[in-house]
Amino acid sequence: MGRSVSYPTGSVVAFHLLDDGEDDDVDWAYECLVEEVIDAAKAAFPSFERFEGWRGREDRILLRNAFADCGISTYCGLAAIWLAERDDARYWEADFYNPRTARARHWLGQVSGRFIDLFGELRLVGRFSNGEAIFERSRSNCDTGS
């Protein structure tokens, strides 16, 4: 199976290129994208608060609210900016006493289109049998010339 950018199972994912030119500093581009994601997501979804954490070894959590984590994962110049239902012990303990899962999934369904519009530069078209992914520029970026 081919290797591609990681993101949590079941998440809403927007794909973005880290580097457009040969001379770009990828680390700098990554840090700029992280700050852009944090600022834009907090402006669009005010319930998010900064959060430093990881889901596994590859999926970095940048923001968190009562229902979801917003994060970023990268591989070979491709960033996956994702939004996923929380999956931590405190969330599940709170869910036990006051169920949140249905509200979390409802909230994710409500914001997913806006999230993709906000961060989606590329759209996943499909995968080859070896796992290699195929992308195209998203229509919103093609229309605006971005």
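Me: Which strands pair in the antiparallel sense over five bridges, and how should I read that?
Reply: Strand β2 (residues 49–55) and strand β3 (residues 59–64) pair in the antiparallel sense over five bridges. Two strands count as paired if DSSP finds at least two bridges between them. Helices (H or I, at least four residues) and strands (E, at least two) are DSSP runs, numbered from the N terminus. Across this pairing, Trp54 has Arg60 in β3 as its bridge partner. β2 and β3 form a hairpin with three residues between them, and Gly56 in the turn has a positive phi of about 70°.

Me: Before we go on, what kind of model is this?
Reply: This is a predicted model, in which local features need pLDDT of at least 70 and side-chain atom pairs count only at pLDDT 80 or more, while totals for chains, interfaces and linings use all residues. Residues are numbered from 1 along each chain as its sequence is written, and side-chain values use heavy atoms, with hydrogens and water left out.

Me: How many helices and strands does the protein have, and how do the elements run?
Reply: There are four helices and seven strands. Starting at the N terminus, the order is β-α-β-β-β-β-α-α-β-β-α. For contacts (heavy atoms within 4.5 Å), 51% of those with a separation of 6 or more are between residues 24 or more positions apart.

Me: What share of the residues is buried?
Reply: Buried means under 20% relative accessible area, exposed over 50%, and partly exposed in between (1.4 Å probe, protein chains only). Of the 146 residues in the protein, 44% are buried. The accessible surface comes to about 8,900 Å², and carbon and sulfur atoms hold 50% of that. Such areas come from the Shrake-Rupley method with a 1.4 Å probe, and for residues only the protein chains shown count as cover.

Me: Is Ser73 buried or exposed, and what does it touch?
Reply: Ser73 is found in strand β4 (residues 68–75) and is buried, at a relative accessible area of 2%. Leaving out residues up to four places away in sequence, the residues that Ser73 touches include Val5, Tyr7, Glu58, Arg60 and Trp82. A polar contact is a pair of N or O atoms within 3.5 Å; within protein, one must be able to donate a hydrogen and the other to accept it, and residues adjacent in sequence count only if both atoms are side-chain atoms. Here, a polar atom of the Ser73 side chain lies 3.1 Å from the backbone oxygen of Ser6.

Me: What about Ser112, and where does it lie?
Reply: Ser112 lies in helix α3 (residues 101–119). A polar atom of its side chain is 3.4 Å from the backbone oxygen of Gly109.

Me: How many salt bridges does the structure hold?
Reply: Side chains of opposite charge can pair when their charged atoms come close. A salt bridge is a side-chain nitrogen of Lys or Arg within 4 Å of a carboxyl oxygen of Asp or Glu, and the structure holds eight of them. One of them joins the side chains of Glu35 and Arg50 (3.0 Å, N to O). Glu35 lies in helix α1 (residues 26–44) and Arg50 in strand β2, so the pair ties together parts that are 15 residues apart in sequence. Glu35 is partly exposed at 35% relative accessibility, and Arg50 is partly exposed at 47%.

Me: Which residues are linked in a network of salt bridges?
Reply: The network links Arg55, Arg64, Asp69, Arg86 and Asp88. Within it, the closest N and O atoms of Arg55 and Asp69 are 3.2 Å apart. This pair links distant parts of the chain, with Arg55 in strand β2 and Asp69 in strand β4, 14 residues apart. Both Arg55 and Asp69 are buried.

Me: Which residue has a positive phi although it is not a glycine?
Reply: Most residues other than glycine have a negative phi. Cys76 has a positive phi of about 50°. Cys76 is found in the loop between β4 and β5 (78–85) and is exposed, with a relative accessible area of 71%.
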